[in-house]
Amino acid sequence: MSKLLEVNSLTKVFKVSRGLFGSAYHTAVKDVSFSIEQGEIFALVGESGSGKTTIGRIILRLEKPTQGSVKLRGVDIKSMGKEYTKRVGAVFQDPFSSLNPYMNVREIIEEPMIVHGLKDRDERIGKVMDMVRLSEELLQRKPNQLSGGQRQRVAIARAVSLSPDLLVADEPTASLDASVRKEILNLFAELKQMGISTLLITHDIRAVERIADRLGIIYAGTLMELGNKDEVLANPKHPYTKYLLENVPARHPRYRKIDVEENEISEGQNLTGCPFYWLCSERMEGCKENVKEVLSDGRLVKCNLY
């Protein structure tokens, strides 16, 4: 495999208003690096507020990084023009809000083709509708006339209409029911077979288990563990990865151990050392101030246990 996308030492700091008390700075992403290979599904996994969506928005050029860089096939994306939007597509969590309610399906899929001056648009529309398994009878319908699963397929059809190298999919199944979620995940797996890579941004370990090749575990803006999906899920090394996997919702209520609410990462948990310090059952005093990054069995782990 060859590197398609390289994220290098990415940091994003937001200025947060404190009203009468002025402002403060919040580090949403801290020195994150990873790469995505050609023809790979790479999952970025974390809880709400972990920074994973911010990383996706930076890759889509919807946010500018405070430090670090993103390169597509070795070229810094900041230096790329409109060509970048042709090579990198986006699929968002809520297809109802991401699709123009005043356009029909044909217009939604055709719009990026018009922007990029593509010809043979009717032929392309037919191909992508077939690719996402939607009947061409739906082309004249508007988003509010479609089911949730159909809307997400339309969003994917729009994203692949320009034959991109990479899709950035931010929680693409979060608003769908279980049966439709499985169909959409299978669709991303089929796109992989066509050579389209995907950055899957999710908190859903089940989705990762189903289709990802590699994954990065992120907490409070810090990449805690990165490696092959099967190895990480079978033998997690970082205490946070273990915590995350232990609290995956059971496949059936009879298998449920305890009810654990998703932990909203708070600003007060940020430390100069490991951000998971306060919740870690294996913490050491030195973890407050410093944390080392090591390769353990070919896997990146940011933890002082190794």
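The legends below describe several close-up views of one predicted model.

Residues are numbered from 1 along each chain as its sequence is written, and side-chain values use heavy atoms, with hydrogens and water left out. Because the model is predicted, local features need pLDDT of at least 70 and side-chain atom pairs count only at pLDDT 80 or more, while totals for chains, interfaces and linings use all residues.

View 1. Helices (H or I, at least four residues) and strands (E, at least two) are DSSP runs, numbered from the N terminus. Taken along the principal axes, the C-alpha atoms fill a box of roughly 65 × 50 × 50 Å. Of the 306 residues, 48% are buried, where buried means under 20% relative accessible area, exposed over 50%, and partly exposed in between (1.4 Å probe, protein chains only). Among contacts (heavy atoms within 4.5 Å) with a separation of 6 or more, residues 24 or more positions apart account for 67%. The chain exposes about 15,200 Å², of which carbon and sulfur atoms supply 47%; accessible areas come from the Shrake-Rupley method with a 1.4 Å probe, and for residues only the protein chains shown count as cover.

**View 2. An open sheet of 4 strands in the order β2-β1-β4-β5.** The pairing in this sheet is antiparallel, two strands being counted as paired if DSSP finds at least two bridges between them. At the edges stand β2 (23-37) and β5 (75-76), each with a single partner strand, so one side of each is left without a neighbour in the sheet. Strand β1 (residues 3-17) pairs with β4 (residues 67-72) over 5 bridges in the antiparallel sense; E6 has K71 in β4 as its bridge partner, and N8 stands opposite S69 in β4.

**View 3. The hairpin formed by β4 and β5.** These two strands pair in the antiparallel sense over 2 bridges, and K71, the bridge partner of E6, also stands opposite D76 in β5. The hairpin has 2 residues between its strands, and R73 in the turn has a positive phi of about 50°.

**View 4. Helix α1 (residues 52-59), which is mostly covered.** Of its 8 residues, 6 are buried, namely K52, T54, I55, G56, I58 and I59. Just after α1, R61 takes a positive phi of about 65°.

View 5. K229 is buried, with a relative accessible area of 11%. Leaving aside residues up to four places away in sequence, K229 touches V208, E209, A212, D213, R214 and L215. The C-alpha atoms of K229 and A212 lie 6.5 Å apart in space, although the two residues are 17 apart in sequence.

**View 6. A nonpolar surface patch formed by M284, L305 and Y306.** Together these residues have about 230 Å² of accessible area. Patches are made of residues with over 30% relative accessible area and no salt bridge, with like charges joined within 9 Å and nonpolar side chains (Val, Leu, Ile, Met, Phe, Trp, Tyr) within 5 Å; a salt bridge is a side-chain nitrogen of Lys or Arg within 4 Å of a carboxyl oxygen of Asp or Glu. L305 is found in the segment after β12 (299-302) and is partly exposed, with a relative accessible area of 36%.
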